[in-house]
Amino acid sequence: MVIVYNPKDGSPIPPFRFNGKEYKDQNNPEVVLAVGEVLQFPDDVAEYMTHNWIFLEKVTVERAKEIKEEANYPKCEKCDA
């Protein structure tokens, strides 16, 4: 799994299909990854995303924690970031 960050100067990532699976946010079906958001994706999906939306960043768990602290995000139960 890879953590992907959509920086504040990025753009919302719309829903997309990859290898037959649809990716969208359950709470907001208009986007997969909002500006300023940090989420974890399977390696191949993260590679696809960072290739197609070049402003997206792959980040470490430590950097994800820093980003979330700066934005007062709730703690992620899946990746402990």
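**Close-up views of a predicted protein chain**

**View 1. Contacts and elements of the whole chain.** Among contacts (heavy atoms within 4.5 Å) with a separation of 6 or more in the protein chain, 58% join residues 24 or more positions apart. This is a predicted model in which local features need pLDDT of at least 70 and side-chain atom pairs count only at pLDDT 80 or more, whereas totals for chains, interfaces and linings use all residues. Residues are numbered from 1 along each chain as its sequence is written, and side-chain values use heavy atoms, with hydrogens and water left out. Two helices and five strands are present in the protein chain, in the order β-β-β-β-α-β-α from the N terminus; these are DSSP runs, helices being H or I of at least four residues and strands E of at least two, numbered from the N terminus.

**View 2. The largest nonpolar core.** A nonpolar core is a set of buried Ala, Val, Leu, Ile, Met, Phe, Trp, Tyr and Cys residues joined through side-chain atoms within 4.5 Å; buried means under 20% relative accessible area (1.4 Å probe, protein chains only). The largest such core has 14 residues, of which Ile 13, Phe 16 and Met 49 touch the most other members. At least two residues of this core come from each of β1 (2-5), β2 (16-18) and α1 (43-52). With three residues, α1 provides the largest share.

**View 3. The surroundings of Met 49.** Neighbours within four places in sequence aside, Met 49 contacts Ile 13, Phe 16, Val 32, Leu 33, Phe 41 and Leu 56.

View 4. Of the 81 residues in the protein chain, 37% are buried.

Methods: Buried means under 20% relative accessible area, exposed over 50%, partly exposed in between (1.4 Å probe, protein chains only).
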